[in-house]
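Hi,

Here is the structure I promised to pass on. Please have a look at it first, and then read my notes below.

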Amino acid sequence: MKHFTSVNDVTDLKKWVDEALKIKADPQGFVDIGGQKTLGLVFLNPSLRTRMSTQKAAMNLGMNTMVINMDKEGWRLEMNDNVIMDGYSVEHIKEAAAVLGQYCDILGLRCFPNLKDRHEDYSEEVLNKFIKYCGVPVVSLESATLHPLQSFADLITIKEHATKPKPKVVLTWAPHVKPLPQAVSNSFSEWMVKAQELDMVDFVITHPEGYELAEEFTKGAMINTNQDEALKNADFVYVKNWSSYNKYGEILSDGKGWMMDNEKLKLTDNAKVMHCLPVRRGLELGNDILDGNNSLVIHEAGNRVFAAQTVLKKLIEGNK
Ligand code: CP
């Protein structure tokens with residue numbers, strides 16, 4: 001593995017989950033592996049969990065970490081090639097990424113989509129240019145289309161809490177007031193499709209008409225636009241809003257009747273409920289669920305450390 005940007009960088013999904021759980025059982029067990037190498041975390045967008053959990057993971061491996069909130073603290077970046085930079089941008093990504101690569105052994109990058117130009121977002125222009133110019137291994141901290149560290153933590157959480165060999169996992173669309181990226185949902189879907197191929201889960205996606213995700217991430221999943229039907233016998237319900245992919249970046253519905261609450265939970269097999277956070281209480285997910293025993297959201301956020309630690313460990317081992 002040279003970089004970690006999607007499930008396709010995972011060589012053996014089952015083994016990686018088992019390894020993450022071993023690391024969780026003894027988080028400081030590999031404290032010598034980092035050898036004081038430097039992890040740089042570059043944020044073009046806000047973060048709580050990704051920032052803190054990845055730093056914690058690096059500390060557990062004996063690495064040093066440097067963080068830059070590029071959107072607030074860095075120079076305004078130019079992404080286009082062959083331009084005369086006589087506008088607002090001050091530094092080209094060619095130089096910025098190359099310089100960061102001089103200071104760091106591994107770099108993490110968060111770069112959200114603009115949700116205006118689907119082709120631009122889905123080509124992962126920013127992530128790919130960063131990889132091209134920085135010259136060191138890159139970990140996605142959530143890109144325009146995917147959030148692999150989150151999905152890895154989600155799969156670890158499902159493995160820990162499953163009471164059946166092949167639990168039913170339902171990804172359900174949830175209401176929101178702002179247009180959100182599809183990254184978390186695309187990523188969760190591609191990880192669950194892979195897990196389904198390995199007989200680890202049965203995977204179903206439910207959303208209102210018009211909220212179909214890109215097929216490249218959902219191929220192999222059962223898709224049902226009737227939420228009540230989809231929730232039947234679910235063991236895990238993964239709640240997430242996303243804006244439309246087909247009418248790119250648009251909100252198509254007020255989402256009335258789609259919020260998961262304890263009433264909807266009755267349709268399931270007493271399902272555990274997941275959300276990547278941050279969550280808007282009472283809009284995306286009911287307070288009754290978040291404050292109840294079925295919620296796994298805090299546990300899931302905790303597992304972000306062990307997902308990141310597994311990935312960093314593998315990158316370091318590969319670079320030895
Ligand atoms: N779930 C997640 O990635 O959280 P942050 O945006 O706070 O990092």
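**Two crossing helices**

Helix H1 (residues 13-25) and helix H7 (residues 148-161) have axes that come within 10 Å of each other and cross at roughly 80°. The two helices are therefore roughly perpendicular, as angles from 65 to 115 degrees count as such. Please keep in mind that this is a predicted model.

On the H1 side, the residues that meet H7 are Val17, Ala20 and Leu21, and their partners in H7 are Leu155, Ile156 and Lys159. Sorted by class, this contact holds five nonpolar residues, no polar ones and one charged one.

Leucine 146 sits in the loop that runs between strand S6 (138-140) and H7. Is leucine 146 buried or exposed? With 28 other C-beta atoms within 10 Å, leucine 146 is buried, because 20 or more are enough for that. Apart from neighbours within four places in sequence, leucine 146 is in contact with Thr5, Ser6, Ser140, Ala183, Asn186 and Ser187. Tyrosine 133 is 13 residues away from leucine 146 along the chain, and their C-alpha atoms are separated by 21 Å.

The largest nonpolar core has 90 residues. Leu107, Phe130, Val170, Val237, Tyr238, Ala307 and Leu312 have the most contacts inside this core. Helix H14 (residues 304-319) gives the most to the core, with eight residues.

Two of those names come up again. Leucine 107 touches Gly40, Val42, Leu100, Gly101, Cys134, Val136 and Val138, when residues up to four places away in sequence are not counted. Just after H6 comes glycine 135, with a positive phi of about 80°.

**Around the ligand**

Which residues are around the ligand? They are Ser47, Leu48, Arg49, Thr50, Glu142, Gln150, Cys276, Leu277 and Pro278. This shell divides into four nonpolar, three polar and two charged residues.

Happy to talk any of this through with you.

Best wishes

Definitions and conventions. Residues numbered from 1 in each chain as written. Predicted model: local features only at pLDDT ≥ 70, side-chain atom pairs only at ≥ 80, totals over all residues. Near = placed C-beta within 6 Å. Nonpolar A, V, L, I, M, F, W, Y, C, P; charged D, E, K, R; others polar. Axes fitted to C-alpha atoms, helices over the stretch in contact; angles between N-to-C directions. Helix = DSSP H or I, 4+ residues; strand = E, 2+ residues; numbered from the N terminus. Parallel < 35°, antiparallel > 145°, perpendicular 65-115°, else oblique. Contact = placed C-beta atoms within 7 Å. Core = buried A, V, L, I, M, F, W, Y, C linked by C-beta atoms within 7 Å. Buried ≥ 20, exposed ≤ 12 C-beta atoms within 10 Å, placed from the backbone.
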